[in-house]
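This report describes one protein structure for a reader who has not seen it before. Please look over the sequence and the model, then read on.

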Amino acid sequence: MAARKRRNRENDTLPDRTSSSSSKRLCPSGKRHVAALILARGGSKGIPLKNIKLLAGVPLIGWVLRAAIDSEEFDSVWVSTDHDEIEKVAKSWGAKVHRRSQEVSRDCSTSLETIQEFLKKNPEVTVLCNIQATSPCLHPSHLKEALKKITEEGYDSIFSVVRRYQFRWKEVKKGSAECTQPENLDPANRPRRQDWDGELYENGSFYFATRELVMDQGRLQGGRVAYFEMEPQHSVDIDVDIDWPVAEQRVLRFGYFGRGVSLMFCKVSGCLTDGRVFLSVSGEDTVSVHSTDTAGIRMLQKDDVEVVLLVSREDHVIQLMVDKLKKMTGCKVMVVGEEPLNDIKPLVEKRKLDWKDVAYMGNDAADASCLNLAGLSAAPADAPPGAARAAKYTCKYAGGAGAVRDFAEHVLLQKETAKVQMKQDRIDRHNF
């Protein structure tokens, strides 16, 4: 996975344990390989192509891919799919793609069958984490802490749960004279919520299992098994929460937004402007820049995000306005060639930044490489398909009409959320 920093596991081995299953977690070469696998079939019955439907401007599958990659715990992150569009989105987020066979792409196919097919094709994988694409409030910390139970405590399988405070009653068939009975409470001594520990339910966010458990025993839960408890606010399941606007509000409040960026590249033509050039009788060519977009740039600069404007070498009109753009925005302006990546990559390396710390906004197929690599990337609402597919965020507005401001607010929201999450992680580590 390009440009993603990961913990080096070259000589990583399990702690010495007497359990025979511990030694099985290493591949024949003696190295552990932990893989994340997200199953994303194209034939969703409830919501067409639900896995890549935009949720708060981000493809649904992008939320869990970001969490998996930023956890830095996986040697590889995969999406298993049978659909071309899902494959393109998965690759744009830095995942590898397992193109599943028709045999495991049917409505009656099980997750286990698909996972087993993946493991057969990838014999180096010793520990697998099946992450549900429809759990957009998953955080890297959840995955990191759960994996420790396998790598440090010697468990064979871990799955996520959520605590619920719900009283259950026996179901009575319609027309039956039978009376219902309580299943987990005594009505004569009905407890208060604060006096009851509740019950643990699987929330389906993720399942860790060793290769042997999946391939030899045909299950994801077994051996030495443990659970990882997630907070209720992070247990959002779009299979249940099909009211998309409600789900978006939950994600905006509790989703994982990455670590924030410190450098943003923005194409001028088509992003900061609408791409049109106005010709006058006097011979002066002009372009239009919306004041709300320049205000968005200033917001980023105020929050210590450096913004670099990109001008195409073929755009002679905009090149004549470089000095004016610098004065208007306070930004550095770079002239780039047909492949912008070749020109901006040296600057990213000079600043010693990882691509996940970089944001990129483009509106052309030539921007696809940069849109794919950048931790945050966006295309205006009117961008052509080549750019729109590669971008991780689709703006609400067209180029030159508020798109830059929209992406700026998205970047700042993610930065602020990341700060709060890191602060909370420090509190949690201190308390526990």
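## A buried salt bridge

Aspartate 367 and lysine 267 are both buried, where buried means under 20% relative accessible area, exposed means over 50% and partly exposed lies in between (1.4 Å probe, protein chains only). The two residues form a salt bridge whose closest N and O atoms are 3.1 Å apart; a salt bridge is a side-chain nitrogen of Lys or Arg within 4 Å of a carboxyl oxygen of Asp or Glu. Aspartate 367 lies in the loop between E15 and H13 and lysine 267 in strand E10 (residues 263-267), so the pair ties together parts that are 100 residues apart in sequence. Helices (H or I, at least four residues) and strands (E, at least two) are DSSP runs, numbered from the N terminus.

This is a predicted model, in which local features need pLDDT of at least 70 and side-chain atom pairs count only at pLDDT 80 or more, while totals for chains, interfaces and linings use all residues. Residues are numbered from 1 along each chain as its sequence is written, and side-chain values use heavy atoms, with hydrogens and water left out.

## Other salt bridges

The structure holds 19 salt bridges. One of them joins arginine 168 to glutamate 183, with the closest N and O atoms 3.2 Å apart. Both residues lie in the loop between E7 and E8, so this pair ties together parts that are 15 residues apart in sequence. Arginine 168 is partly exposed, at a relative accessible area of 31%, and glutamate 183 is partly exposed at 45%.

Aspartate 303 and lysine 415 form another salt bridge, and their closest N and O atoms are 3.3 Å apart. Aspartate 303 is in the loop between H9 and E13 and lysine 415 in helix H15 (residues 403-431), so the parts tied together are 112 residues apart in sequence. Aspartate 303 is partly exposed, with a relative accessible area of 25%, whereas lysine 415 is buried, with 11%.

## The seven-stranded sheet

An open sheet of seven strands runs in the order E5-E4-E1-E6-E8-E7-E9, with mixed pairing; two strands pair if DSSP finds at least two bridges between them. Strands E5 (96-99) and E9 (225-230) are the edges, each pairing on one side only. Strand E4 (residues 76-81) pairs with E5 in the parallel sense over four bridges, and serine 80 has histidine 98 in E5 as its bridge partner.

E6 pairs with E1 in the parallel sense over five bridges, while five bridges join E6 to E8 in an antiparallel arrangement.

## Helix H3

In helix H3 (residues 84-92), Ile86, Glu87, Val89, Ala90 and Ser92 are buried. The buried residues of H3 pack against elements including helix H2 (60-70), E4 and E5, contact meaning heavy atoms within 4.5 Å. Asp84, Glu87, Lys91 and Arg99 are linked in a network of salt bridges. Glycine 94, which follows H3, has a positive phi near 95°.

## Positive phi in two loops

Aspartate 304 has a phi near 65°, a positive value in a residue other than glycine. Aspartate 304 sits in the loop between helix H9 (291-302) and strand E13 (306-312), and is exposed, with a relative accessible area of 64%.

Lysine 352 is not a glycine either, yet has a positive phi of about 55°. Lysine 352 is found between helix H12 (340-350) and strand E15 (358-361), and is exposed at 77% relative accessible area.
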